[in-house]
Amino acid sequence: MSAEKPAPSLTELRQEIDRIDEAMHRLLMERGTIIDRLIASKKASKTGIASAFRPGREASMMKALAERHEGLLPLDTVESIWRVIIGTFTYVQSNYSVHADISGGDAPMRDSARFHFGFTVPYVTHPSAAAVIEAVASSGGDLGIFRLDQGATSGAWWRTLADRERPKVIARLPFIERPDHPAGTPVFVISKPLVDAAVRDVVLYAAQFERWHRGANEALIRLGGEVVASAADAHGLSELIAVPGTVEPAQLQETLTKAGASLAQLAEVGSHAERFHVK
């Protein structure tokens, strides 16, 4: 009977760690060379103006990461590493800043921006969601983030996204939702419209009502939708509504009207990936 193989020494284990660290670094550099080729390919095919942001692809990558993850290393750490990699390589392709609404406090928004986009990407603060929207609208290709729950005093900010050329919601963060997430504040991400990269698991609409009926909430829930935010003004009630991407605007309008709500206007203001939850 052969003798058991002796346990590796601390020196040997540390050498293994050094080997893995070097391999990871080389793989990151290799990723960089592929990004160089991607940039060159876009320029050669005259598609360089296409957005570097791919929110659907990013959401799929984060879901796959969470599904395969196991072992000692916390998911928080793995997610943050990948987010920094993705955010930074996107910045290399197309320099951008992240504009943040800090009306509810700077700390949670800074945490969200740094966790999801890293420290290389410039972080610019603003006093309101409306100011963030205007900053993105006048930028060359920046992103904006603000909390879903803006409170009554912020008004119907989503109505400013309704025009065709205005910024649109492209993502909802965090991509991976779980208790005690280190950057768990729910935020929308906006950018100029992404013609070729938007993901439509969930579609958002700005809806203006002359009259609301409580039965409309129940009808909306039956569609798989929800009211994300609402605000009253001199023209009636304005709501930000989220529904599955399979629900057509005509179906949504018919459902709300049959439920007793008098719908005066319905305009799409963005879309995002379906939320992914882990325990």
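## A walk through the predicted model

Let us begin at a turning point: helix H7 is followed by glycine 260, whose phi is positive, near 100°. Helices (H or I, at least four residues) and strands (E, at least two) are DSSP runs here, numbered from the N terminus. This is a predicted model, in which local features need pLDDT of at least 70 and side-chain atom pairs count only at pLDDT 80 or more, while totals for chains, interfaces and linings use all residues. Residues are numbered from 1 along each chain as its sequence is written, and side-chain values use heavy atoms, with hydrogens and water left out.

Stay with H7 for a moment. In this helix, which spans residues 249–258, Leu252, Thr255 and Leu256 are buried; buried means under 20% relative accessible area, exposed over 50%, and partly exposed in between (1.4 Å probe, protein chains only).

Now to the charged side chains. A salt bridge is a side-chain nitrogen of Lys or Arg within 4 Å of a carboxyl oxygen of Asp or Glu, and by this rule the count comes to twelve salt bridges. One of them joins arginine 178 and aspartate 76, at 2.4 Å from N to O. This pair links distant parts of the chain, 102 residues apart: arginine 178 sits in the loop between strand S5 (176–177) and strand S6 (187–191), and aspartate 76 in helix H3 (residues 75–93). Arginine 178 is buried, at 13% relative accessible area, whereas aspartate 76 is partly exposed, at 26%.

Arginine 275 forms another salt bridge, with glutamate 177, their closest N and O atoms being 3.1 Å apart. Here, too, distant parts of the chain are linked, 98 residues apart, with arginine 275 in the loop between strand S10 (262–272) and strand S11 (276–277) and glutamate 177 in strand S5. Salt bridges that share partners join Asp76, Glu79 and Arg178 into one network.

The loop between S5 and S6 also holds histidine 181, which is buried with a relative accessible area of 10%. Leaving aside neighbours within four places in sequence, histidine 181 is in contact (heavy atoms within 4.5 Å) with Glu79, Phe115, Pro174 and Ile176.

A pocket is found on a 1 Å grid over the protein atoms alone, as an open set of points where a 1.4 Å probe fits, with protein on both sides within 12 Å along at least five of seven lines; lining residues have an atom within 4 Å of a point. The largest pocket is lined by 24 residues, of which Arg31, Met61, Ile85, Ile86 and Phe89 lie nearest its centre. Helix H1 (10–44), helix H2 (55–68) and H3 are the elements that give two or more residues to this lining. H1 gives the most, with nine residues.
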